[in-house]
Each structure stands twice: as structure tokens, then as C-alpha cells.
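Here are my notes for a first look. They take up helix contacts, then cavities.

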Amino acid sequence: HYMQEEVSTVTAGVLVLTLCLGFLLIGLPRRYALAPLLIAGCYMTLGQVLIVGGLHFYLLRMLIVFGLIRLVVRKEIWSVKLNVIDKLLIAWVVVHSFLYVLFDGANVNLTERLGDAYNAVGIYFLIRALVRDFDDVVHTVKMLGIIITPLAVLFAMEYLNGKNPFFVFGGVPEFTIIREGKLRCQGPFRHPILAGTFGATAVPLFVGLWLYSRRDRLLAVVAIVAATVIVFASSSSGPFLAYLAGFVGLMCWTFKQSMRAMRWGAVVLLLALHAYMKDPVWFIIARVSDLTGGSGWYRSALIDAFIRHFSEWWLIGTGYTAHWMPTGLALYPTKTDIVNQFVAQGVNGGLLELSLFIWLIVNCFKTTGAAVRIEDRYSFPEQFMIWSLGCTILSHVVSFFSVSYFDQINIFWYMIIGMVAALMHDSKESPQEDDARNSHDAVQFST
């Protein structure tokens, strides 16, 4: 949303590649059908676009069309039984798309909002229809581990020679951005922070895979190293903090029975810091950036401006934020650079959209926590694998304070939400139902 809109056309080679991925998305068995989408998210930029009737169909949107065709033709869409996470996501999409546009709409493009809705609903429900239980979650993590490994090699090449190999696809600069003497690699992503966030949020999944499956430990270790390389190559403090947050969450496994006390302890600590510090507690971000580097002051000041201008956005959102930050820091004549996912929710759809977004995240944490406590349904390694999903959500939440998502990183955000939502149904099955389902699947496979 905050980058200059791309107007380049799709080259013949990339269009053929997209069609190949699309047909694979339709034809592959269900458990492998997400591989083309993950490949597209990791290796295709948003620089090339097919313009039809004034509408911009990025390559990702073309793949969504193929995915929807698959769900309809194979009737897989009917496998999705809506739960609270699904309903919250739908409500969030509706509010994001229409609340501000219908009641004001100044400086906001309805077509852009509808494009966001198409991406969110298309990607999310494609994942929900294809990832149905815990085994599907593990299989998807394995596919991501295989796909991310060559990507890390390309990031290493970019870091060593300062040229982005994905430049040929458009949408990303040829020469790597340099800040404070450090190369900030971005690969196919539109910003180094988003690239680093992708790597940081993938690490907990691979750690969970390492403990869950002995035979996949080599893959898990390679994938952890690959994701770490991507975080390192991005040279961004936000992904680094998200990376650390994931490991802190994993280490909290030992104290999983005391998480309620730890959460309240964190709240009390933040309130105490707020009372003790001269500046509001959100200026901790600025203090941390003094150690890690980055523009932490801007991020703290943005949160401060968001709270000070509460009356402007709380009801339906706002389309004008240029006056929120000091002169010269506005991205466009009407907008400042909203580098915070939570702030973006309030700006786009008011307090209602922000509340739905937070409620969605809370329910993801509740679902993983509830699944971990079902000891007669999941073994110890399975519980830790589920715990790693919650740690991935935590990594995303930490990253939300340094960037708002606006490229293919959304694929992996919706992927983790879809995985957690699948567990909500899977956890409700009794052992007898599980045995019956496995027997039915075995008969279908044999047939």
C-alpha cells in the first residue's frame, strides 16, 4: 500500500511459469497442492502485473484464481466448517473493505480495498480447505522447509555481491539497499523488513518439526539455518527481535502451565514501566533500537501520534494522516508511513477493525494453548509442534510493531492462521473418530 504502484506487464516466460504453477495447484493431490502457492510466495515478486479492465492481477492473484477453481471443481471448499477464527477473519475483511469506504472514503481507493479482500479470502480459505488436521500442518511445514532452503542460497548471493537476483522479475531494486554500511537484502519481497520477517517467523515451525519427527531432523536443521540466513541478510532490527521472540516463546514451553501468571506479570511490568519512565512505555521501542539499530524512534512516535489522534480514527478510520508526524516524514501528501500493523488496522477501519484483528490473534493463541492441553489427543512431540505454531504467531505480533504487511508475506500470515484454525476442528475429534477417519483415508488411498 505504501510503495509506488507497479505498472509493468507480465513477460511471456513468467506468465508460462505462473500457468504451470496454476495447473499444478489444480492437479496435485490435496496434501501437496499448497506447494505452488508457497513457491510463488518465496520466489515470485509482485513487480509483474496483468492489467484487465483497469484491475491489476499480480501473479499471486492469478494463482488464487486457479486455487478457487480447484476448490469448486473438487468440492473441497465444503470441507471447511466455519469456526470462530474463520468468522473473525471474515468479519475483519468486511470491516477493512467497506467501513471507511462507505461512510467517508476520502483518499481511499475502493478497488484497492477489494483487492485486499480478494487476496485475504482467497489465500486463507484455500489454506483452510487444503490443511485439515495436524498431519496436514506437519506436511505443510516440511514443504516450506524444502522450499526455503534454495531461497536462502539466493539471499546469501545477494548479501555477498550486493545485487538482487530477483531483479529480473521486476518490483525489486537491482542493487541491494545499504544503510549504516550494511547490506539490507530483500530477495523477492518488497522490503528487507518483510524478507527478514518471513525468515524469523518460519524458525519456530522448523524447531517444532525438529522435536516432532526424528526422521525429518536433517531437513529441520537445514531449514532453521536457511531461515536464519534470511534474517541475517535482511540486516533489520525488527525481524531480529521477532526471531528472538520466537525462541523466547519456545523456551516458555517449560512453563506452559504457568502462562496465565506470566501474561499478567508482563502486563504489570509494562504498567510499572509506564509509570516509571519519563516517556510513555511504547518508547521502549526507541530505547531498544539504540542498541540494535533501526528507526525505533519513528515507530514509537507513530504509536504516540496514533493515540494522540484517537478522535480522528476510532469510529471508522481515517484517510488522512500526513499531519501525524513531523513535517517531511509523510509518505504521500495525505499519508504518513504507517510502519505498524496495529496502527494500520485502526487507520483503515477504526477501533472495530483493530479490535477484530486483536481478537483474531487472541483466539489463535487460545486455540494452540487449548490443543496443547489435550494430552489424550496429542503426544508430547505433537504438543510441542502445536506450541511452535503459537510461537510463530508471537513472532508475527512482535514484527507487527515494526512493519505493516503489504506483499507476499501475507501468504505466510494467513497460512499460520489457517493451520491454527484447522487444529480447532481436529482437536474436537475423539480418538474413535480419529481412528475412523484414518481408516477411511487409508481405504481412499488404496482405491
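Which residues in helix 11 meet which residues in helix 12? Point 1 takes this up. Bear in mind throughout that this is a predicted model.

1. Start with helix 11 and helix 12. From helix 11 come Ile 285, Ala 286 and Ser 289. They meet Gly 296, Trp 297, Arg 299, Ser 300 and Ile 303 in helix 12.

2. Now the geometry of that pair. Helix 11 covers residues 284-292, and helix 12 covers residues 296-308. Their axes come within 7 Å and cross at roughly 175°. Angles over 145 degrees count as roughly antiparallel, so helix 11 is roughly antiparallel to helix 12. The contact has four nonpolar, three polar and one charged residues.

3. Next, helix 4 (residues 84-103) against helix 5. The two axes come within 9 Å, with a crossing of roughly 170°. That makes helix 4 roughly antiparallel to helix 5. On the helix 4 side, the contact includes Ile 85, Leu 89, Trp 92, His 96 and Tyr 100. On the helix 5 side, Leu 110, Arg 113, Ala 117, Val 121, Tyr 124 and Arg 128 are among the residues involved. By class, this contact has 15 nonpolar, two polar and four charged residues.

4. Helix 5 (residues 110-130) also meets helix 3 (residues 59-73). Here the axes come within 10 Å and cross at roughly 45°. The angle makes helix 3 oblique to helix 5. The crossing is left-handed. Helix 3 contributes Leu 60, Ile 64, Leu 68 and Leu 71, among others. Helix 5 contributes residues including Gly 115, Tyr 118, Gly 122, Ile 123 and Leu 126. The contact divides into 11 nonpolar, four polar and three charged residues.

5. Asp 116 and Phe 125 are listed in the contact with helix 3. Asp 116 and Phe 125 are also listed in the contact with helix 4.

6. How many cavities of 30 Å³ or more are there? The count comes to three. The largest cavity has a volume of about 60 Å³.

7. What lines the largest cavity? The lining is Leu 144, Phe 198, Thr 201, Ala 202, Leu 205, Thr 392, His 396, Phe 412, Met 415 and Ile 416. Helix 7 (192-212), helix 15 (380-399) and helix 16 (409-426) are the elements that each give two or more residues. Helix 7 gives the most, with four residues.

8. Seven of its residues are nonpolar and three are polar.

Notes:
Residues are numbered from 1 along each chain as its sequence is written. This is a predicted model: local features need pLDDT of at least 70, side-chain atom pairs count only at pLDDT 80 or more; totals for chains, interfaces and linings use all residues. Side-chain values use heavy atoms; hydrogens and water are left out. Axes are lines fitted to C-alpha atoms, for helices over the stretch in contact, and angles run from 0 to 180 degrees between N-to-C directions. Angles under 35 degrees count as roughly parallel, over 145 as roughly antiparallel, 65 to 115 as roughly perpendicular and the rest as oblique. A crossing is left-handed if the near helix is turned anticlockwise from the far one by less than a right angle, and right-handed if clockwise. Contact means heavy atoms within 4.5 Å. Ala, Val, Leu, Ile, Met, Phe, Trp, Tyr, Cys and Pro count as nonpolar, Asp, Glu, Lys and Arg as charged, and the others, Gly among them, as polar. On a 1 Å grid over the protein atoms alone, a cavity is a set of points where a 1.4 Å probe fits but cannot get out, and a pocket is an open set with protein on both sides within 12 Å along at least five of seven lines; lining residues have an atom within 4 Å of a point. Grid points are joined across faces, edges and corners, and a volume is the space filled by probe spheres set on the points.
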